[in-house]
Amino acid sequence: MSDQPKTNHGRVLVVLSGGMDSTVCAALAIRDSGAANSAALHIDYGQRTEKREHRAFQEICDRLGIATRLAVKTEFFRAIGGSALTDETIAVPQADPEIGAEIPVTYVPFRNSHFLSAAVSWAEILRAKKIYIGAVQQDSSGYPDCRPEFYAAFNEVVRTGTKEGQIRIETPLIALRKSEIVSLGLELGAPFDLTWSCYSREDRACGTCDSCVLRMRAFAAAGACDPISYLTQAEAH
């Protein structure tokens, strides 16, 4: 994957959690704009797997050649609590047979709005016109801040609340199935071996949380081998 700047495109900022979907977005940004015109933002928000996700972010940026990167902390999610990802008194549940039928306890209230606000602020400084975020509606846990309506509304906020009103949040994966995201990532050379999706563990992916199960199902449906290993190989169908 070339790291030469493509000067006919503006700078792209990617919200990069270190997970599978955001990593595919980073690979898309590099394909479209080049590594030299791509920036990556990571937010540590007090989640259980904060250290492991931060490591994934740095290693993915290194592999893809993204030099312009920023990692910031938001302390208030842990103080607010109410989510299994940030509140240690709430257990991360095993995946239900029908993932996404109800909003799960792993939902972090209004999280993506805070991520996007930080991204828009940095985009103004970088003069980036596009922000990529790996929101997915299909084959997902059903989080309300991953719906197309949310991003349409947020783009209107960005248009009216920024100096030039020209920054746009892009959700290139939102209508894709997870298996399609895997296929796209393989086509783009996304470093899936460096990504971290597990909600509960940092040493080895649990294989039973929503995120692990969705990932395993996606690789199986795409006919591809997931390069990470799992503590428990849940039934991927």
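**Close-up views of a predicted model**

View 1. T74 is buried, at a relative accessible area of 16%. Here buried means under 20% relative accessible area, exposed over 50%, and partly exposed in between, with a 1.4 Å probe and protein chains only. The model is predicted, so local features need pLDDT of at least 70 and side-chain atom pairs count only at pLDDT 80 or more, while totals for chains, interfaces and linings use all residues. Residues are numbered from 1 along each chain as its sequence is written, and side-chain values use heavy atoms, with hydrogens and water left out. T74 sits in the loop between β3 (68-73) and α3 (76-80). Helices (H or I, at least four residues) and strands (E, at least two) are DSSP runs, numbered from the N terminus. Which residues does T74 contact, leaving aside its neighbours within four places in sequence? They are I43, D44, Y45 and G46. Contact means heavy atoms within 4.5 Å. E202 is 128 residues from T74 along the chain, and their C-alpha atoms are separated by 20 Å.

View 2. Helix α1 covers residues 20-33, 14 residues in total. At 1.5 Å a residue, α1 should span 20 Å, and its end C-alpha atoms are 20 Å apart, which agrees. The expected span is 1.5 Å times one less than the number of residues in the helix. Is α1 largely enclosed or largely open? Twelve of its 14 residues are buried, so α1 is largely enclosed by the rest of the structure. Among the buried residues are M20, D21, V24, C25, L28 and I30. S33 is buried as well. Strands β1 (12-15), β2 (38-44) and β4 (130-133) are included in what covers them. So are helices α2 (50-64), α6 (178-188) and α7 (210-221). Just after α1, G34 takes a positive phi of about 85°.

**View 3. The nonpolar core around L13 and I131.** The largest nonpolar core has 76 residues. Helix α1 gives the most to this core, with eight residues. Such a core is a set of buried Ala, Val, Leu, Ile, Met, Phe, Trp, Tyr and Cys residues joined through side-chain atoms within 4.5 Å. Which residues have the most contacts inside the core? They are L13 and I131. I131 touches L13, V15, A119, V120, A123, I167, R168, I169 and E170, not counting residues up to four places away in sequence.

**View 4. Arginine R215 in helix α7.** R215 lies in helix α7. R215 is buried, with a relative accessible area of 2%. Its side chain reaches the backbone oxygen of F192 at 3.3 Å. A polar contact of 3.0 Å joins the side chains of R215 and S197. A polar contact is a pair of N or O atoms within 3.5 Å; within protein, one must be able to donate a hydrogen and the other to accept it, and residues adjacent in sequence count only if both atoms are side-chain atoms. Leaving aside neighbours within four places in sequence, R215 also contacts other residues, including M20, T195, D226, P227, I228 and Y230.

**View 5. Salt bridges.** A salt bridge is a side-chain nitrogen of Lys or Arg within 4 Å of a carboxyl oxygen of Asp or Glu. By this rule the count comes to twelve. One of them joins the side chains of D21 and K178 at 2.6 Å, N to O. This pair links distant parts of the chain: D21 in helix α1 and K178 in helix α6, 157 residues apart. D21 and K178 are both buried. The side chains of D193 and R63 also meet in a salt bridge, at 2.9 Å, N to O. D193 is in the loop between α6 and α7, R63 is in helix α2, and the two are 130 residues apart. D193 is partly exposed at 37%, and R63 is partly exposed at 46%. R31 forms a salt bridge with D32, the closest N and O atoms being 2.9 Å apart.

**View 6. Two residues with positive phi.** F110 has a phi near 60°, a positive value in a residue other than glycine. F110 lies in the loop between α3 and α4 (111-126). At 46% relative accessibility, F110 counts as partly exposed. R127 has a positive phi of about 60° although it is not a glycine. R127 lies in the loop between α4 and β4. Is R127 buried or exposed? At 54% relative accessibility, R127 counts as exposed. A network of salt bridges links R127, K129 and E164.
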